[in-house]
Amino acid sequence: MENRFGFKDLITSLLLVALLVSVWLAMAQYNHHFTVLKSIEEKLDAQRAALQELSATLQRGLTMAAPANPNSTATTPATTTNNNTSTSTNNAHATTTPNGAQSTGPFTGTASIDASDPFGRVRAPRLRDDFAFGDWFVDSFAQVVGKLTPLIATDAYQSAIEGYVLEPLITRDPDTLEWKPWIASAWQVSEDGLTISFDLRKDVKFSDNTPLTSADVLYTYNLTMNPEINAPRLRPYYENIESVETPDPHRVVFRLKRPYFMSLSITGGMTIMPKHFYEKISAVEFNESTGLLMGSGPYKLAVDPHRWQPGSGRIELIRNEHYWGPRPSFDRLVWREITDEKASEVSFRNSDIDVYVVRPEQYAKFKDDKDLLAKANLHEYESPTFGYRYVGWNQRLNDKPTPFADQRVRMAMTLLTNRQEMADQLMSGLATVATGPFHHLSPQSDPNIKPWPFDTARAKALLQEAGYMDRDGDGILEGPDGKPFRFKLIYPAGSVNYQQMATYLKDAYARAGIVLDADPTEWNTMIQRINDRNFEAITLGWGGVVESDPKQIFHSEMIAEGGDNYVSYNNPQIDALIDKARMTVDEEARKELWRQVHRILHEDQPYTFLFNSRAVVFIDKRVQNVLITRTGMNDRTEMFVPLKLQRWNR
């Protein structure tokens with residue numbers, strides 16, 4: 001058979017060669033484009049880094065060369081009452097125990113804080129050569145946050161988020177404890193303490209670029225006092241305000257009914273809500289909402305506040321591009337909701353979060369953990385703002401008195417609780433046995449009061465005196481009504497430490513013939529049960545302030561639905577002392593009244609006051625300028641991550 005290569009075969013071959021050449025050229029061109037694009041991308045990365053460094057340099061230059069904010073130079077006039085007299089969150093008696101707490105990263109220039117500048121603490125780290133904007137700060141919550149709408153807060157987690165979105169008129173310097181201007185540039189307090197005036201800055205804007213004025217301050221007050229809004233726990237703080245006047249857009253005047261030791265902190269500490277945003281929302285919609293959070297702070301919700309819903313597993317705030325103050329270093333603040341404590345530890349070890357709070361039972365092992373210490377700095381400190389742990393004895397359930405309505409029974413429960421052993425074993429020594437609601441570092445605390453001892457014999461005698469004895473020989477006490485002394489203790493589900501406490505208490509009470517049924521409860525369900533007074537006993541913790549107002553928790557007026565006296569404690573003597581102390585401006589006289597309150601609560605034991613804790617926190621070493629202040633750890637707007645260590649935005 002003859003094999004011929006014809007004209008058609010030639011044409012086909014040429015076309016095939018042409019096609020191969022075209023493919024080769026295309027590949028070569030693609031490789032060239034890829035090389036060029038890669039080069040461009042590398043240059044852009046370099047330029048991005050250079051711009052960040054330039055921005056930091058410019059900021060350092062502005063900080064060193066520019067005068068302080070002209071709106072920040074005004075100070076409280078001589079007619080103002082003593083700052084330490086009017087504090088709600090700080091006091092000159094505050095102390096901290098750093099115990100290894102440290103600032104991280106080298107300083108190369110002057111890092112002193114300009115006390116005349118309200119943002120002096122934010123600007124100070126920008127003098128560092130390694131300062132850079134950008135990245136995220138990622139934290140975690142041990143519970144799911146159910147609401148972000150202001151005023152109807154239910155937990156400290158929501159308050160932590162609100163603190164970066166809403167702002168007060170004035171604030172406390174965490175080191176000096178002096179008041180400093182914020183939204184207000186100056187303030188005046190009359191000699192009789194009945195008039196407090198604030199001059200507002202003219203450059204403050206909300207996150208939607210709407211100016212903040214005195215109308216927003218008045219609106220915030222009126223909304224808080226609106227009985228249709230579910231904020232009963234807040235209204236007692238403002239009950240002493242007679243009126244709020246707005247003579248011009250940048251001046252607010254509070255008229256008070258009578259002198260009150262917290263007047264300046266209550267009025268100046270009010271976080272301002274935008275009238276134009278919230279006035280469109282009915283009271284019913286407001287109460288039922290979940291995420292209506294908007295303010296003038298350095299951050300805002302990453303989503304439309306109308307669309308935020310709980311349950312996504314994380315909460316994100318992004319930088320407020322219209323913020324009136326210095327740009328915050330972090331572009332985003334993130335809180336991951338990690339309800340399992342082991343999962344939280346793993347997340348920190350895997351660098352998925354930047355902060356890890358060490359539980360007491362972990363402390364002995366983790367404080368010497370080489371892997372953790374290689375990646376994170378350990379901070380240990382104490383502050384009167386940390387509050388206390390307690391077991392609360394509900395005295396009324398379903399409108400009937402419980403066994404805990406008897407003071408002898410409550411005292412017996414405390415005497416059966418070996419709190420020192422709990423502090424040593426369950427809290428790893430990171431706690432001091434509490435004697436009442438006032439932190440031992442607070443001036444309200446009576447230093448002469450000693451904790452009730454562990455005394456089983458005395459406890460049993462008190463129980464027998466109250467009519468509780470083992471009538472049938474089964475080892476369980478029966479009350480005067482013949483029913484076994486048995487109750488449920490609710491506490492946060494998923495917490496190893498609270499579970500350990502419940503187990504410890506169960507064993508301790510069982511030795512005296514009392515049956516404790518542990519009832520771990522999901523957080524939002526627990527809040528509902530507290531509001532409904534639907535529990536027998538509860539163990540939780542209260543946050544603290546250096547000089548607190550105990551009316552919220554122990555005054556009989558707060559027993560009503562929505563108040564925080566959810567154990568139904570009623571003592572007319574305590575009511576009278578609290579009412580008198582709240583109206584006493586003289587610091588020494590007021591201090592003695594608080595100590596009388598302390599002594600009575602120590603005798604009455606509406607709570608078994610367990611202990612005051614110290615904090616132990618690991619923070620990833622990439623986070624710089626972590627400082628310990630007299631009120632705890634410094635604000636995240638003062639921290640930063642150097643460019644080479646940034647993780648989340650690259």
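Start with Arg582 and Asp549: their side chains make a polar contact of 2.6 Å. Keep in mind that this is a predicted model. Arg582 has another partner, Glu239, with a side-chain to side-chain polar contact of 3.1 Å. Where does Arg582 sit? In helix H18, residues 572–582. And is Arg582 buried or exposed? Buried, because its relative accessible area is 3%, and the cut-off for buried is under 20%. Leave aside residues up to four places away in sequence, and Arg582 touches Pro236, Glu239, Pro259, Tyr260, Phe261, Asp549, Lys551 and Trp594.

Next, a helix pair. H12 covers residues 407–415, and H14 covers 456–465. Their axes lie 8 Å apart, and the packing angle is about 160 degrees. Angles over 145 degrees count as roughly antiparallel, so that is how H12 and H14 run relative to each other. Their crossing is left-handed. Which residues meet? From H12, we have Arg408, Val409, Met411, Ala412 and Leu415. From H14, we have Thr456, Arg458, Ala459, Leu462, Leu463 and Glu465.

Last stop, helix H9, residues 341–349. Its buried residues are Glu341, Ser344, Glu345, Ser347 and Phe348. Look down the axis of H9: these residues fall within an arc of 160 degrees, so they line one face of the helix. Now the ends. Asp340 caps the N-terminal end of H9. One of its side-chain oxygens is 3.2 Å from the backbone nitrogen of Lys342. After H9 comes Ser351, with a positive phi, near 65 degrees.

Methods
Residues are numbered from 1 along each chain as its sequence is written. This is a predicted model: local features need pLDDT of at least 70, side-chain atom pairs count only at pLDDT 80 or more; totals for chains, interfaces and linings use all residues. Side-chain values use heavy atoms; hydrogens and water are left out. Buried means under 20% relative accessible area, exposed over 50%, partly exposed in between (1.4 Å probe, protein chains only). Helices (H or I, at least four residues) and strands (E, at least two) are DSSP runs, numbered from the N terminus. The arc is that of the directions from the helix axis to the C-beta atoms. A polar contact is a pair of N or O atoms within 3.5 Å; within protein, one must be able to donate a hydrogen and the other to accept it, and residues adjacent in sequence count only if both atoms are side-chain atoms. Axes are lines fitted to C-alpha atoms, for helices over the stretch in contact, and angles run from 0 to 180 degrees between N-to-C directions. Angles under 35 degrees count as roughly parallel, over 145 as roughly antiparallel, 65 to 115 as roughly perpendicular and the rest as oblique. A crossing is left-handed if the near helix is turned anticlockwise from the far one by less than a right angle, and right-handed if clockwise. Contact means heavy atoms within 4.5 Å.
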